[in-house]
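Here's a quick look at a protein model, with notes on its fold, its interface and its core. Have the viewer open as you read.

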Amino acid sequence: MLEVFIFATLNGLVTGLLLFMLASGLTLIFSMMGVLNFAHASFYMLGAYFAYSISLYLGFWAGLIFAPLIVGVLGALVERYGLRRVHQSGHVAELVFTFGMAFLIEEAVQFFWGPDTKNYQSPDLLDFPLFTLFGQEFPAYRGFMIGISISIFIGLYYLLTRSRVGIIIQAAITHPHTVANLGHNVPFIFMGVFGVGTALAGIAGVIAGPILTTFPGMAVVLGSIVFVIVVIGGLGSLVGAFIASLLIGLLQSYAIASDVGVQDLLNVLGLEFDRNHPLTDLWTLTLPQVAPILPFLLLVLVLIFRPTGLMGKREQ
Amino acid sequence: MLEVSDLHAYYGKSHILQGITFNVQEGEIVSLLGRNGVGRSTTVKAIMGEVLPQGSIRFKNQEIGGKKSFEIANLGLGYVPENRDIFPTLTARQNLQLGMKSSKANGRWSVEEIFSMFPNLADRAEIDGGVLSGGEQQMLCMCRTLMGDPDMIMIDEPTEGLAPKIVEQVANLLQEIANRGVAILLVEQKLNIALNISHRLYVMGHGQMVYEGTPASLMQADEVRAEWLEV
């Protein structure tokens with residue numbers, strides 16, 4: 001039981017921190033521009049595909065460095081020549097634009113890389129068990145994912161709260177005109193934040209690609225959950241996104257690792273169930289089966305009881 | 001230093017500035033006076049590019065009309081807005097740091113010097129700007145702009161809503177700014193502070209310049225004060 005809990009926690013951490021890398025970029029962009037970037041998970045997918053192609057010639061580590069850079073530059077260009085122009089037409093136009101970008105990127109990925117799953121592998125250097133506990137091995141690559149995600153969180157938190165650049169970004173979020181009057185190029189800052197946000201998504205793609213498989217539907221799989229996270233965490237809150245990412249990651253991981261079902265709950269309550277009952281499929285449901293819908297269930301609960309999210313600033 | 005010629009500006013279809021012309025020379029303190037709604041704030045906003053200007057605006061012999069706000073600020077023209085716009089979640093020190101331009105590391109002002117001039121601000125250096133008093137916020141806002149080491153500064157209603165003691169501090173700071181060779185365009189409604197510190201004055205009415213002179217000449221012009229300034 002203890003080993004199940006420990007490994008479920010570790011796997012939950014890996015998933016949660018991976019989700020945070022996506023959610024942090026999305027949160028940054030939302031904070032500055034007030035727009036939910038529907039194409040965000042598509043940049044995550046691009047990160048995986050660019051890294052895969054680079055790894056074929058230069059290896060995994062080159063992909064880890066260059067793929068996020070390419071994705072970041074692409075993101076900055078999308079902001080500069082797309083979103084900035086659409087911005088003048090309001091938020092609805094921006095949403096439609098990012099929605100269209102998501103489709104465009106998915107089609108482009110299929111066009112250039114094809115519809116099949118790519119054999120994108122984790123590096124040989126990390127192909128060993130980091131430790132063995134209760135006879136189970138924890139892969140070094142997953143430890144690497146945890147390390148890189150935590151480093152990014154610390155780096156981002158330091159950048160935004162302690163550095164001069166972070167101070168300018170924070171001020172530009174709420175008072176763009178005043179910041180411009182002090183001599184700071186606010187549109188350039190916005191472009192940079194969009195680029196960094198998409199580059200973070202790119203890093204997530206690079207390190208998730210070998211584990212979650214690299215295929216054209218990978219953006220759709222993770223995209224909806226990332227939106228759930230930013231809403232649960234509170235739109236615009238980086239700390240909220242961090243907490244919600246870990247919450248969702250651990251929640252899903254524990255659910256998958258458990259072998260509890262509705263039947264067990266009924267038994268605890270002293271209730272019997274009839275195998276011929278029309279709802280018998282419901283009684284036989286297990287927690288691992290409902291794990292994928294738990295984030296959405298949590299979203300509904302948060303929206304009912306705390307509409308601003310855990311650390312939300314939407315009302316301010 | 002600043003030459004404004006035949007400046008027009010509009011809010012929608014409203015013709016706010018109707019061809020105003022004035023100038024500010026190096027190291028000079030010039031006040032722009034007038035009642036509320038005559039276009040004084042719009043004038044400085046048009047100069048900073050916050051309102052679309054029509055006409056000529058030259059700063060340091062360079063046309064700045066139509067340039068972006070950050071480009072104008074980087075040319076050395078500072079602006080302290082009427083609403084102060086302190087960043088409420090940043091500390092007083094961070095507010096000051098925000099005003100610095102990396103290209104001007106050795107300017108006329110430093111954070112430590114500002115704190116020694118205003119001990120109140122020094123005591124509250126690590127406190128969020130949003131919880132400072134109105135007077136402290138005004139000082140912080142002016143000092144934040146000074147951190148960018150402008151050659152000229154435009155200050156919109158710096159004494160609005162402040163206690164007389166704080167108004168005196170503002171006047172002292174304005175004098176100190178001028179002593180360091182920074183030209184000032186002071187937008188004011190209160191006559192006494194403008195009369196005390198200005199080299200020249202302009203009076204605006206209905207979006208136009210209706211008077212230009214010195215403090216002494218304005219004191220003699222009873223009909224101008226009665227028609228355009230006194231309530």
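What percentage of the 231 residues of chain B count as buried? The figure comes out at 45%. Keep in mind that this is a predicted model.

## Chain B on its own

Chain B is built with 10 helices and 10 strands. Its radius of gyration is 17 Å, close to the 17 Å that the globule rule gives for 231 residues, so chain B is as compact as a globular protein of that length.

As for how the chain folds back on itself, take the contacts in chain B between residues at least 6 apart in sequence: 66% of them join residues at least 24 apart.

## Where the chains touch

On the chain B side, 19 residues are in contact with 16 residues of chain A. Two helices of chain B, α2 (69–74) and α3 (92–99), are the elements giving two or more residues to that side. Sorted by type, the chain B residues touching chain A come to eight nonpolar, eight polar and three charged.

## The nonpolar core

In soluble globular proteins, nonpolar side chains tend to be buried together. Here, the largest nonpolar core has 150 residues, and the members touching the most others are A:L22, A:V226, A:I229 and B:I184.

Let's zoom in on A:L22. Skip its neighbours within four places in sequence, and A:L22 is in contact with A:H40, A:A41, A:Y44, A:A201, A:A204, A:L222 and A:V226.

Conventions. Residues numbered from 1 in each chain as written. Chains lettered and ligands numbered in written order. Predicted model: local features only at pLDDT ≥ 70, side-chain atom pairs only at ≥ 80, totals over all residues. Contact = placed C-beta atoms within 7 Å. Helix = DSSP H or I, 4+ residues; strand = E, 2+ residues; numbered from the N terminus. Nonpolar A, V, L, I, M, F, W, Y, C, P; charged D, E, K, R; others polar. Core = buried A, V, L, I, M, F, W, Y, C linked by C-beta atoms within 7 Å. Buried ≥ 20, exposed ≤ 12 C-beta atoms within 10 Å, placed from the backbone. Rg over C-alpha atoms; globule rule 2.2 N^0.38 Å.
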